[in-house]
Structures are given as C-alpha cells and as structure tokens.
Amino acid sequence: MMDKTYSKSTSFLAQFAIFVMVPVFFCYQALAQVEVIYPFLRGYYTYAMIITFPAVLYVFCAVSGAKVFYVARSIWFFWVFMIFFFCLSLYSVFAFVDKDISNYISLSFFRYFFMFLFAFSFAAAGKGFVRGLVAFVMGFSVWVLISSFGGPFVSPAFYYEGYLFEFDYQQVAFSYLLVSVFLLPGMSVRLRVLYYVVVFPALYFIGARSEFFAFVFLFLLLECIYSRWFLALILASASLSLVVLAALDDLSFLKGFRMFSIFFENADMSYDARDTFAMRSFESLNTHPLLGAFGSHASGEYAHNIFAVWVDMGLVGFITFISMLLVPLCSLCFFYYRNAGESGWVRSFLFLVVTIFLVLVAKTYTYSLVPIALAAYCIFKLNRVESAV
C-alpha cells in the first residue's frame with residue numbers, strides 16, 4: 001500500500017474491485033459447491049474481470065497513470081513482453097492453431113493486463129477496508145477448517161443444467177497468496193502468527209499444492225527478513241530435519257497424503273503428467289531452439305515451468321521473460337537494499353521471489369502472479385517518489 005491519501009471515489013472503486021475479486025468470489029465458490037446457491041456464472045473470474053475493468057483502469061490512472069513508464073524503468077522488459085504476448089494472441093487467432101489454445105492465450109493476455117492494473121487497487125484501498133479484508137480471509141479460513149471436519153473441504157463436482165461445476169480451488173488458493181503478500185508485511189507479529197495459524201491448515205484442506213508450498217516459502221522468507229533469530233531457528237530446524245530424514249529408511253507413508261504425493265515418482269497422476277509435458281517441451285525446444293514451437297502440444301499439455309514461454313515465444317521471448325523478473329529483483333537487492341525493512345520493499349521483494357519460485361517449479365508464464373509482482377514493484381517505486389516529494 002502507498003502512503004498517499006486518495007480521493008473517496010478512487011478508494012471506493014479500488015475497494016469495489018478487490019471486494020468483487022476476492023470476498024465475493026470466495027463466497028460464490030463456497031456456497032455453490034454446497035448447493036446453497038446455483039452456479040449461475042459459468043466462469044466467475046472472467047465476468048468479474050469484465051465488470052471491474054473500468055474501476056481498476058480508473059484506479060490505475062489515479063494512482064500511477066503515465067508515471068509508471070518512467071518511474072519504474074526496471075520493468076520496461078514487461079512492456080516488451082506484453083507486445084510479444086499480444087502478437088502471440090493475434091497469431092493464435094489467424095494461424096489456425098487449436099481453438100482451445102487460441103482462446104487460452106487470448107484470455108491469458110487480457111488477464112495479464114487486468115491483473116497488472118488490479119494490483120494498484122491495493123495501493124488505494126483504505127486502512128479500514130484492509131483491516132476488514134484481513135478479518136474476512138481469517139474468518140473464511142476458520143469456516144474452511146470447520147467445514148473440513150469429517151471429510152475434505154472441496155466437494156465432488158456436480159452438473160447443473162449441463163454445466164459441470166467444480167470448486168475452483170486453485171484460483172481460491174491463488175487469491176489467498178495474492179492478498180497474503182499484500183497484507184502480511186503491514187501486520188503486527190501477533191496478528192501474523194494468528195493469520196498463519198488459521199491460513200496454513202485452510203490452504204492444506206483447499207488442496208492447491210503449488211500455492212500451499214508457495215505460502216510456506218512466503219512464511220519462511222518473510223519471517224527471516226523481519227526476525228534474525230527466526231533465521232537461526234530455521235537453519236537449526238532444517239539441520240535437525242535432515243538428520244531425521246536420514247535416519248528414516250522409508251518415507252513412502254507420505255504417498256498417502258495428496259499434498260505430499262507429488263514428491264514421489266509414479267505416486268501422483270499430476271506429477272506424472274507434468275513430467276511428460278515437460279519432456280515433450282524439451283523435445284520441441286531441441287528441434288526449434290530459436291523460434292520455439294507454439295501450438296505444437298495439445299490444449300493444456302504445456303510445460304508447467306518457465307520453459308513454456310520458450311516453446312511459445314522462442315528464445316527472445318524467454319530471455320525477455322527472465323529479464324522482466326530478474327531486473328526488478330536485482331534493483332531491489334542492489335540499489336534499494338537500504339529500504340529492506342520497509343513494508344513496500346518487503347512486499348515487492350516477496351512477490352518477485354515467490355513468483356520466480358512458482359514459475360520455476362510449477363507454473364507457466366501465463367500465471368497471474370507475474371504481472372502482480374511487477375505491479376507491486378511499480379507501487380514501491382511510486383511510493384518512494386511520493387515520499388521524496
């Protein structure tokens with residue numbers, strides 16, 4: 001968040017966008033899966049983006065506008081990448097690739113652009129709304145825990161008028177991760193501890209493994225930044241864990257837990273499928289190392305790692321994607337490290353590191369946390385300018 005106070009209209013629109021994209025989305029998903037309400041929206045997030053787009057565009061212009069182009073020069077790679085992304089979406093329409101792939105790329109481009117703008121809404125949200133958002137996330141987490149007693153929280157999918165509704169556990173977990181990185185740096189130690197106590201088990205029961213382990217990584221990173229004693233504790237705990245693991249001959253009992261089965265080969269269908277998709281991507285890159293091989297895979301069978309961008313956009317797109325994440329991170333580490341204790345620096349740093357972690361091990365380049373991480377860096381730079389003025 002930024003220190004500057006914005007007009008009531010700007011704050012209201014920012015709060016409206018966040019309210020629709022997070023609390024309403026959570027409630028819609030939860031109530032629909034227990035059939036309290038019918039899933040009348042067959043793609044809530046798409047509708048929500050369209051509805052809130054005018055609001056987030058207005059908030060972006062009020063918070064940053066043209067300043068983002070010269071205040072945060074380190075993300076110029078992002079604008080270049082967005083040009084590549086836009087050209088790819090056009091190419092997917094006219095090159096007669098698989099229709100599902102074309103639709104996915106076009107929607108992903110719009111979502112990328114929207115999420116970059118949406119992140120600025122957190123900069124204009126009032127403190128009262130932020131406190132309310134913290135209370136909602138923690139309250140929803142408690143409800144997840146209560147609902148999980150006696151069975152899994154995510155209920156089986158069901159048909160409604162020919163539409164198969166499934167609880168969007170990955171998008172809910174993504175929203176958890178998004179709001180957590182924005183909110184945690186501004187919390188007191190006691191509130192953070194309480195937040196961890198309810199959110200950790202809630203994410204476990206929701207079942208999105210990538211976001212769960214990303215949240216673990218976020219927790220460790222954030223507390224190490226704020227508490228040096230915690231870093232020493234983590235190092236000691238890690239050493240003890242290595243000794244315990246070395247003493248255990250068989251860890252196969254973990255295969256029975258879905259959250260950990262992904263670490264064992266041939267124990268998880270998702271792991272096996274992603275491994276197959278990754279190998280096919282490497283084969284495509286071996287054949288087309290410079291231009292890539294966009295559309296060479298079946299719909300949904302992309303590499304769930306950073307190399308997917310190389311397949312779709314070639315070597316130049318791959319280098320641009322890496323640069324747009326690493327250049328801002330290096331800027332924070334080498335030029336702004338003196339600000340390391342400030343919540344704005346911590347927030348931007350966490351977003352970038354967690355995003356890099358996810359695209360390396362589990363997510364493709366279309367993952368929505370990428371543009372949000374770069375927007376958080378812009379907010380940090382804009383905050384510095386406002387403070388200087």
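User: Is the crossing of helix 5 with helix 6 left-handed or right-handed?

Analyst: Helix 5 passes helix 6 in a left-handed crossing (the near helix is turned anticlockwise from the far one by less than a right angle). Helices are DSSP runs of H or I, at least four residues, and strands are runs of E, at least two, numbered from the N terminus. This is a predicted model, where local features need pLDDT of at least 70, side-chain atom pairs need 80 or more, and totals for chains, interfaces and linings use all residues. Residues are numbered from 1 along each chain, and side-chain values use heavy atoms, without hydrogens or water.

User: At roughly what angle do the axes of helix 5 and helix 6 cross?

Analyst: Helix 5 covers residues 76-94 and helix 6 covers residues 99-118; their axes cross at roughly 155° and come within 8 Å. Each axis is a line fitted to C-alpha atoms over the stretch in contact, with angles from 0 to 180 degrees between N-to-C directions. The two helices are therefore roughly antiparallel to each other (over 145 degrees).

User: Which residues make the contact?

Analyst: From helix 5, F78, W79, F81, M82, F85, F86, L88, S89, S92 and V93 take part. Helix 6 brings S102, I105, S106, S108, F109, Y112, F113 and F116. Contact means heavy atoms within 4.5 Å.

User: Different topic. Where is N305?

Analyst: N305 sits in the loop that runs between helix 14 (269-287) and helix 15 (308-334).

User: Is N305 buried or exposed?

Analyst: N305 has a relative accessible area of 11%, so N305 is buried (under 20%, with a 1.4 Å probe and protein chains only).

User: What is N305 in contact with?

Analyst: Leaving aside neighbours within four places in sequence, N305 is in contact with A278, V359, L360, K363 and T364.

User: How many helices and strands are in the chain?

Analyst: The chain has 17 helices and two strands. It has 389 residues, and 50% of them count as buried. Of the contacts between residues at least 6 apart in sequence, 77% join residues at least 24 apart.

Technical notes: Angles under 35 degrees count as roughly parallel, over 145 as roughly antiparallel, 65 to 115 as roughly perpendicular and the rest as oblique.
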